Amino acid sequence: MPLGSISQKISSTHEAPSRNGFTVPVSLQIGTRVICTTTLLDFGATTCFMDVLFGHTHSIPKVIKTKSILVEVIDGRPLLSGAIIEDTIPLELIMGSHREMTAFDLISSPRHPVIQALSWL
(Lines give C-alpha, C1' and ligand atoms only; values in the text may rest on other atoms or scores of the structure.)
Protein backbone atom coordinates (compact mmCIF):
# COMPACT_ATOMS: atom_id res chain seq x y z
CA MET A 1 0.00 0.00 0.00
CA PRO A 2 1.50 3.40 -0.95
CA LEU A 3 2.43 5.68 1.94
CA GLY A 4 -0.16 8.28 0.85
CA SER A 5 -2.93 5.67 1.10
CA ILE A 6 -1.85 4.71 4.61
CA SER A 7 -1.68 8.35 5.68
CA GLN A 8 -5.14 8.97 4.27
CA LYS A 9 -6.54 5.91 6.02
CA ILE A 10 -4.94 6.89 9.33
CA SER A 11 -6.15 10.47 9.17
CA SER A 12 -9.65 9.49 8.08
CA THR A 13 -10.20 6.63 10.56
CA HIS A 14 -8.27 7.62 13.68
CA GLU A 15 -10.31 7.86 16.84
CA ALA A 16 -8.04 10.10 18.87
CA PRO A 17 -4.64 11.65 18.34
CA SER A 18 -1.93 10.64 20.77
CA ARG A 19 1.41 12.19 21.62
CA ASN A 20 3.25 9.47 19.68
CA GLY A 21 0.74 8.25 17.09
CA PHE A 22 -2.87 7.56 16.22
CA THR A 23 -5.41 5.06 17.53
CA VAL A 24 -7.15 3.12 14.76
CA PRO A 25 -9.56 0.16 14.67
CA VAL A 26 -8.04 -3.26 13.97
CA SER A 27 -9.02 -6.91 14.09
CA LEU A 28 -6.89 -9.74 15.41
CA GLN A 29 -7.61 -13.16 13.95
CA ILE A 30 -6.72 -16.41 15.70
CA GLY A 31 -7.92 -19.30 13.58
CA THR A 32 -11.61 -18.58 12.98
CA ARG A 33 -11.95 -16.22 15.97
CA VAL A 34 -11.80 -12.45 15.35
CA ILE A 35 -11.19 -9.88 18.10
CA CYS A 36 -12.05 -6.26 17.24
CA THR A 37 -10.13 -3.59 19.14
CA THR A 38 -8.02 -0.51 18.59
CA THR A 39 -4.28 -0.17 18.19
CA LEU A 40 -1.98 2.72 18.87
CA LEU A 41 0.20 3.29 15.80
CA ASP A 42 3.38 4.25 17.59
CA PHE A 43 5.80 5.98 15.26
CA GLY A 44 8.67 5.48 17.73
CA ALA A 45 8.12 1.83 18.68
CA THR A 46 10.54 -0.77 17.37
CA THR A 47 8.27 -3.74 18.08
CA CYS A 48 4.58 -4.51 18.65
CA PHE A 49 3.06 -4.80 22.12
CA MET A 50 -0.14 -6.14 23.68
CA ASP A 51 -1.54 -5.50 27.12
CA VAL A 52 -1.09 -8.69 29.15
CA LEU A 53 -4.60 -8.42 30.68
CA PHE A 54 -6.15 -7.94 27.21
CA GLY A 55 -4.35 -11.08 26.04
CA HIS A 56 -5.53 -13.02 29.08
CA THR A 57 -9.14 -11.76 28.76
CA HIS A 58 -9.25 -12.92 25.12
CA SER A 59 -7.42 -16.22 25.78
CA ILE A 60 -4.65 -15.35 23.34
CA PRO A 61 -1.97 -18.06 23.49
CA LYS A 62 1.38 -16.88 24.77
CA VAL A 63 4.95 -18.12 24.66
CA ILE A 64 7.65 -17.70 27.31
CA LYS A 65 10.69 -15.96 25.83
CA THR A 66 14.00 -17.78 26.07
CA LYS A 67 15.60 -14.48 27.10
CA SER A 68 13.86 -11.55 28.80
CA ILE A 69 13.95 -8.16 27.07
CA LEU A 70 14.54 -4.87 28.87
CA VAL A 71 12.64 -1.97 27.32
CA GLU A 72 13.30 1.73 27.77
CA VAL A 73 10.65 4.42 27.37
CA ILE A 74 11.33 7.59 25.40
CA ASP A 75 13.24 9.32 28.22
CA GLY A 76 15.52 6.33 28.82
CA ARG A 77 13.83 4.99 31.95
CA PRO A 78 13.02 1.26 32.07
CA LEU A 79 9.45 0.17 31.37
CA LEU A 80 7.58 0.24 34.70
CA SER A 81 6.14 -3.25 34.20
CA GLY A 82 9.67 -4.66 34.02
CA ALA A 83 11.38 -6.91 31.53
CA ILE A 84 9.31 -8.59 28.83
CA ILE A 85 9.22 -12.32 29.44
CA GLU A 86 6.30 -13.42 27.22
CA ASP A 87 4.91 -12.79 23.78
CA THR A 88 1.86 -13.97 21.88
CA ILE A 89 1.85 -16.56 19.17
CA PRO A 90 1.78 -14.89 15.73
CA LEU A 91 -1.68 -13.42 15.12
CA GLU A 92 -3.15 -12.03 11.93
CA LEU A 93 -3.53 -8.28 12.38
CA ILE A 94 -6.06 -6.71 10.00
CA MET A 95 -6.14 -2.94 9.50
CA GLY A 96 -8.41 -1.94 6.62
CA SER A 97 -7.12 -3.88 3.63
CA HIS A 98 -3.69 -4.42 5.23
CA ARG A 99 -3.01 -7.86 6.76
CA GLU A 100 0.10 -9.15 8.46
CA MET A 101 1.15 -11.89 10.86
CA THR A 102 2.50 -10.37 14.06
CA ALA A 103 3.63 -11.65 17.44
CA PHE A 104 3.18 -9.13 20.26
CA ASP A 105 5.42 -8.63 23.27
CA LEU A 106 3.21 -8.72 26.39
CA ILE A 107 3.40 -5.67 28.67
CA SER A 108 1.15 -3.78 31.06
CA SER A 109 -0.64 -1.22 28.86
CA PRO A 110 -4.18 -0.61 30.16
CA ARG A 111 -4.68 2.55 28.05
CA HIS A 112 -3.83 0.89 24.72
CA PRO A 113 -4.57 -2.85 24.43
CA VAL A 114 -2.46 -3.14 21.26
CA ILE A 115 0.50 -1.01 20.19
CA GLN A 116 1.62 -1.40 16.60
CA ALA A 117 5.07 -0.33 15.45
CA LEU A 118 5.13 1.12 11.98
CA SER A 119 7.74 -1.34 10.69
CA TRP A 120 5.48 -2.26 7.77
CA LEU A 121 5.64 1.22 6.19
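**Figure 1. Glu 92 faces Met 101 across a strand pair.** In this predicted model, Glu 92 stands opposite Met 101 in strand 8. Strand 8 covers residues 98-102. Its partner, strand 7, covers residues 91-95. Strands here are DSSP runs of E with at least two residues, and helices are H or I runs of at least four, numbered from the N terminus. Five bridges join strand 7 to strand 8, and the two run antiparallel. Two strands count as paired if DSSP finds at least two bridges between them. The pair forms a hairpin with two residues between the strands. Gly 96, in the turn, has a positive phi of about 65 degrees.

Residues are numbered from 1 along each chain as its sequence is written, side-chain values use heavy atoms, and hydrogens and water are left out. Because the model is predicted, local features need pLDDT of at least 70 and side-chain atom pairs count only at pLDDT 80 or more, while totals for chains, interfaces and linings use all residues.

**Figure 2. Strand 8 has a covered face and an uncovered face.** His 98, Glu 100 and Thr 102 make up the covered face. Arg 99 and Met 101 make up the uncovered one. In a regular strand, side chains alternate between the two faces of the sheet. Arg 99 also meets Glu 92 in a salt bridge, at 3.0 Å from N to O. A salt bridge is a side-chain nitrogen of Lys or Arg within 4 Å of a carboxyl oxygen of Asp or Glu.

**Figure 3. Salt bridges elsewhere in the structure.** A search of the whole structure finds five salt bridges. One of them joins Lys 62 to Glu 86, with the closest N and O atoms 3.4 Å apart. This pair links distant parts of the chain: Lys 62 is in strand 5 (residues 62-69), Glu 86 is in strand 6, and the two are 24 residues apart. Lys 62 is partly exposed, because its relative accessibility is 48%. Glu 86 counts as buried, because its value is 15%. Buried means under 20% relative accessible area, exposed means over 50%, and partly exposed lies in between (1.4 Å probe, protein chains only). Arg 77 and Asp 75 meet in a salt bridge at 2.7 Å, N to O. Arg 77 is partly exposed at 47%. Asp 75 is partly exposed at 46%. Lys 65, Asp 87 and Asp 105 are linked in a network of salt bridges. Side chains of opposite charge can pair when their charged atoms come close.

**Figure 4. Asp 51 is buried without a salt bridge.** Asp 51 sits in strand 4, which covers residues 49-51. Asp 51 is buried, yet has no salt bridge. The nearest side chain of opposite charge is Arg 111, 11 Å away. Lys and Arg count as positive, Asp and Glu as negative; His and the chain ends are not counted. The side chain of Asp 51 does reach the backbone nitrogen of Phe 54, at 3.1 Å. Contact means heavy atoms within 4.5 Å. Not counting residues up to four places away in sequence, Asp 51 touches Leu 106, Ile 107, Ser 108, Ser 109, Pro 110, His 112 and Pro 113.

Figure 5. Strand 10 covers residues 114-117. Val 114 and Gln 116 point one way, Ile 115 and Ala 117 the other, and all are buried. Strand 3 and strand 10 pair in the parallel sense over four bridges. Here Thr 39 stands opposite Val 114. Strand 4 and strand 10 run antiparallel, joined by two bridges. Met 50 has Val 114 as its bridge partner in strand 10. Thr 38 lies in strand 3 (residues 33-42). Thr 38 is partly exposed, with a relative accessible area of 22%.

**Figure 6. Thr 88 and its surroundings.** Thr 88 lies in strand 6 (residues 84-88). Thr 88 is buried, because its relative accessible area is 2%. Leaving aside neighbours within four places in sequence, Thr 88 is in contact with Met 50, Ile 60, Pro 61, Lys 62, Thr 102, Ala 103, Phe 104 and Leu 106.

**Figure 7. Cys 36 and Cys 48.** Cys 36 is exposed, with a relative accessible area of 62%. Cys 48 counts as buried, at 7%. The structure holds zero disulfides. A disulfide is a pair of cysteine sulfur atoms within 2.5 Å.

Technical notes: A polar contact is a pair of N or O atoms within 3.5 Å; within protein, one must be able to donate a hydrogen and the other to accept it, and residues adjacent in sequence count only if both atoms are side-chain atoms.
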